[in-house]
Amino acid sequence: MREQTDSQHQFLLQVLAQHAEATAFCETVFGISQTLDDIIDGDRQITATDVIGAFWDAMIELPGNTFYRAHETYLRPLLAQALQDWTDSVALEHSQSSHDASLAFVLRDQLTGVVIQCAYLVGGQAWMRDIGPTIRRYFHNEQLDDYLQGLGWAEKPRLRSVAGRWVRQSREVDA
């Protein structure tokens, strides 16, 4: 996990033009978000220390971050939208609708957009436009089939949409 964190830290420094406070802002938001996700999904045991740490970050570290303070009126609505998108994705994951599953896949990681907007704040529009696809490739690295499998679908299922519902097919049957 530490290696992944170090790698992500270096990536953020690169795409945020070596801006240490913008990088710290993103890392703080990611940590808070991951704890919330782990609590809701129940896919990792969360300790009291984890919860206290996330609350500390949300209440003390994030508002004290100089990058966040300088750009709060710009960033706070983006964070609100990312949280609502993630909340909607959690609800949509429980549906059997193919459209809902696709929406959940798209909505679940909107913090990537926050990173792209941070790139704008540290480097301007041209930098954001240049680096945006790189940021998306880095953070949106999961395939739809893998996501659906994680939701409990059969291993790499062949799916087709019938009246807004996923219909599973055996691999021998063509769509």
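Me: A nonpolar core is a set of buried Ala, Val, Leu, Ile, Met, Phe, Trp, Tyr and Cys residues joined through side-chain atoms within 4.5 Å, where buried means under 20% relative accessible area, exposed over 50% and partly exposed in between (1.4 Å probe, protein chains only). We're looking at a predicted model: local features need pLDDT of at least 70, side-chain atom pairs count only at pLDDT 80 or more, and totals for chains, interfaces and linings use all residues. Residues are numbered from 1 along each chain as its sequence is written, and side-chain values use heavy atoms, leaving out hydrogens and water. OK, which element gives the most to the largest nonpolar core?

Reply: That core has 25 residues, and Leu 16, Phe 25, Cys 26, Val 115, Cys 118 and Ile 135 have the most contacts inside it. Two or more residues come from each of α1 (2-15), α2 (20-41), α4 and α6. With 10 residues, the top contributor is α6.

Me: What's the overall order of elements, from the N terminus on?

Reply: Helices (H or I, at least four residues) and strands (E, at least two) are DSSP runs, numbered from the N terminus. The chain has 7 helices and 2 strands. They run α-α-α-α-α-α-α-β-β.

Me: How does α3 do on span, and at which residue does α3 bend?

Reply: The 17 residues of α3 should span 24 Å, and the end C-alpha atoms are 23 Å apart, which agrees. There is still a bend of about 40 degrees in α3, at Asp 57.

Me: At what angle do α2 and α3 pack?

Reply: The contact (heavy atoms within 4.5 Å) involves Phe 25, Val 29 and Ile 32 of α2, among others, and residues of α3 including Val 51, Ala 54 and Ala 58. Axes are lines fitted to C-alpha atoms, for helices over the stretch in contact, and angles run from 0 to 180 degrees between N-to-C directions. The axes of α2 and α3 are 9 Å apart, and the packing angle is about 145 degrees.

Me: Is Leu 75 buried or exposed?

Reply: Leu 75 lies in helix α4 (residues 66-93). Beyond its neighbours within four places in sequence, Leu 75 is in contact with Phe 25, Phe 67, Tyr 68, Cys 118 and Leu 121. The C-alpha atoms of Leu 75 and Val 114, 39 residues apart along the chain, are separated by 7.6 Å. Because its relative accessibility is 0%, Leu 75 counts as buried.

Key. The expected span of a helix is 1.5 Å times one less than its number of residues. The bend at a residue is the angle between axes fitted to the seven residues ending there and the seven starting there.
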